[in-house]
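Subject: Structure handover, aromatic rings

Hello,

Please read the notes with the structure open.

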Amino acid sequence: MAQGVLASAEAAADTIKALEPVQSRPYRPILDGPIALQVDDLGVEYNLRFTKKTKLRTSFVNILHREKGERKFWALRNASFTVRKGESIGVIGPNGAGKSTLLLVLAGIITPSEGQVAVDGHISTLLSLAAGFDQELSGYDNIALAGALMGIPHETVVEITPEVVEFADIGAFIDAPLKTYSSGMRARLGFAIATAVDPDILLLDEVLQTGDEVFREKSRQRIISILNAAKAVVLVTHDMTWVTEFCTRAILIEDGRVTLDGSPEEVVQTHRDHSAARRAARREQIERMRRGELAINPGEARRMEDPDKKGKRGSGK
């Protein structure tokens, strides 16, 4: 009896030790290492006349009446930076700043309107919990599907599948259709697939925000192991703690432009200062509007309540 209790205690201690936070990576800019990503004067312009909400009738009306005003906007403009192997780059900024647009370009999903991106190595991406998945297929089948979409040979997919299943740790749901999964379970499976293929460059967009603390810690440890293997990670996140503790550099994007590139602590503090200033300015505008000193439409007033509220400007996140 005593031996059984002792064994259980030792097993529990081993589990806790395995999940202890790994040592963070202090800011050490890599100035002369091999380049994984080179971004030069990147720009992405969207045409607002033809969005998914645009109806055919509306389009003809706009053309006939030659609607005045600019109907295009730059989600990203004049972005230039270098990501070297062994670096973990945290990309932060307010919603609508262009962070997700940047990752879409780096992943090769959309073509930039100007500038160029040079890539050295295999890119693995996890930009959405639904990307590359079929809701009707099981977890096992989605592993095979994701591997095929990523161009991974079938033999390699079969080889890494047990590792993916073990890391995702979703139990019997691995045999169930994806439509029965919670968002946390999708994040587990997607992250396990994206990191099991030994990528040279890993692109992540907010996916570490989902899931329980145990899985988030497993994900952090997996990313640290990728960095220690001299690979590169680019992560878009609103988790400032992650940026300061685990990123080697940070980039601040505001209004589609890179406004600061430097140490995580400096960039995070600047982002917080700018966010506070925007909120103060919005509050002042709302007060002026309520006093009748400023004319403004109701929709703009609602948006002013929280300038950093999610969904402020959908496509440019």
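**Aromatic side chains**

Trp242 has a relative accessible area of 4%, so this residue is buried, the limit being under 20%. Please keep in mind that the model is a predicted one. Phe246 is also buried, because its relative accessibility is 3% and the limit is under 20%. Both Trp242 and Phe246 belong to helix α8, which covers residues 240-246. They are 4 residues apart in that helix, or about one turn.

In total, the structure contains 6 aromatic pairs. One of them brings together Tyr46 and Phe73, in a tilted arrangement with 5.8 Å from centre to centre and 50° between the planes. This pair connects distant parts of the chain: Tyr46 is in strand β1 (residues 35-47) and Phe73 is in strand β2 (residues 72-84), with the two residues 27 apart. Phe73 has a relative accessibility of 15% and is therefore buried, as the limit is under 20%.

Phe167 has a charged residue over its face: Arg222, at 4.0 Å from the ring centre.

Which ring does the charged end of Arg77 sit over? That ring belongs to Trp74, and the charged end of Arg77 is 3.8 Å from its centre.

Regards

Key: Residues numbered from 1 in each chain as written. Predicted model: local features only at pLDDT ≥ 70, side-chain atom pairs only at ≥ 80, totals over all residues. Heavy atoms only, no water. Phe/Tyr/Trp six-rings, centres within 6.5 Å; stacked < 30°, edge-to-face > 60°. Buried < 20%, exposed > 50% of the residue type's maximum accessible area, 1.4 Å probe, protein only. Lys NZ or Arg CZ within 6 Å of the ring centre and 35° of its normal.
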